[in-house]
Amino acid sequence: MKAVFLDADTLGNDVDLTPIETVAGGLVKHERTAPEQVLERIRGFDTVVVNKVVLNREHFEACPDLKTIAVVATGLNNIDQAAAKERGIRVMNVTNYGRSTVAQHTMALMLALATRLLDYDRDVRAGRWGQSSMFCLMDHPIMELEGRTLGIVGYGDLGQGVAERARAFGMKILLGARPGQERGEVDGYPRIPLDELLSQVDVLSLHCLLTDDTRNMIGARELKMMKRHALLINTSRGGLVDEQALADALRAGTIGGAGFDVLTQEPPRHGNPLLADDIPNLIVTPHSAWASREARQRIVEITARNLSSV
């Protein structure tokens, strides 16, 4: 096996790549690879390890030695899978590595929004607590999660992890049927159509992939169907939610708050509707929900196991 890693920096410099190096019999590593550098860097290799670098038909046609693409992530949208299949190139990804860290981040967003944690922190730093006429501040409404209903759309490994943790907080769980899914029951949780789910939940958490069916799955219409105090959490994929519609809904008080770890364009070099300064009770984190060292090391180990089967 002759392997090259095109964007090793995306896993951080604190992970041990030895498992992949051992299986591959060595590994040529590049910290980052610009689009115009891809072709020269993969030519002559039979195995390419990649996270976010785009690989397409042009690359495959120019590199007849290429046999395997190992994506050190779950999403495969940066790989032209149809073109790879035509040329007999095996594409493998990594699943079930981030259950603990993504679920933890999801709950952190949910708790911070429900308790108005950042708002109260800002108030204290601005001196408002010191100016209070009594012992505390109660300027922002706090929502107790126990007894509230959590709707989960996307009940795979990550959705299941969130359900486990939310249940420990005493929350009730409902599942939303993605487009094409039928109603039913999974693990004892009712799965109902999204239109029925939205009006019932106090928190909606998204854990599904971005596809043609799920793009802008939550738009202005869907936001209006939610409770005015409801929270929307997205630690899955940018593009599942119409970001402008969400910004407008938060300003208008149509829903109570939102926590996002993903945006439609990452990094948001040209701005984004959710990065405006005047949006209340919104937390945006930089696609970091997956990035604990433990999770990133599991990615390496799973990738090594995948490559050992080649």
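I started at Asn-96, which sits in the loop between strand S5 (90-92) and helix H5 (99-115). Helices here are DSSP runs of H or I with at least four residues, strands are E runs of at least two, and both are numbered from the N terminus.

Before going on, I noted that this is a predicted model, where local features need pLDDT of at least 70, side-chain atom pairs count only at pLDDT 80 or more, and totals for chains, interfaces and linings use all residues. Residues are numbered from 1 along each chain as its sequence is written, and side-chain values use heavy atoms, with hydrogens and water left out.

I found another positive phi at His-287, about 50°, and His-287 is not a glycine either. His-287 is placed in the loop between S13 and helix H11 (293-308). With 27% relative accessibility, His-287 counts as partly exposed.

I also looked up a cis peptide bond, which joins Glu-266 and Pro-267 with omega at about -5°. Pro-267 belongs to the loop between strand S12 (257-260) and strand S13 (282-284). I jotted these down because most residues other than glycine have a negative phi, and most peptide bonds are trans.

**The sheet**

Next I traced an open sheet of eight strands, in the order S8-S9-S7-S6-S10-S11-S12-S13, with mixed pairing. Strands pair if DSSP finds at least two bridges between them. Strand S8 (184-186) and S13 stand at the edges with a single partner strand each, so one side of each has no neighbour in the sheet. On average, neighbouring strands of this sheet are turned by 20° against each other, direction ignored.

How do strand S11 (residues 231-234) and S12 pair, in what sense and over how many bridges? They pair in the parallel sense, over four bridges. Asn-234 stands opposite Phe-260 in S12.

Then I checked helix H7 (residues 157-168), which lies across strand S6 (149-153), strand S7 (172-177) and strand S9 (189-193). H7 runs at about 175° to S6. Contact means heavy atoms within 4.5 Å; axes are lines fitted to C-alpha atoms, for helices over the stretch in contact, and angles run from 0 to 180 degrees between N-to-C directions.

**Start of the chain**

Last, I looked at Met-1, in the segment before strand S1 (3-5). Met-1 counts as partly exposed, at 41% relative accessibility.

Definitions and conventions. Buried < 20%, exposed > 50% of the residue type's maximum accessible area, 1.4 Å probe, protein only.
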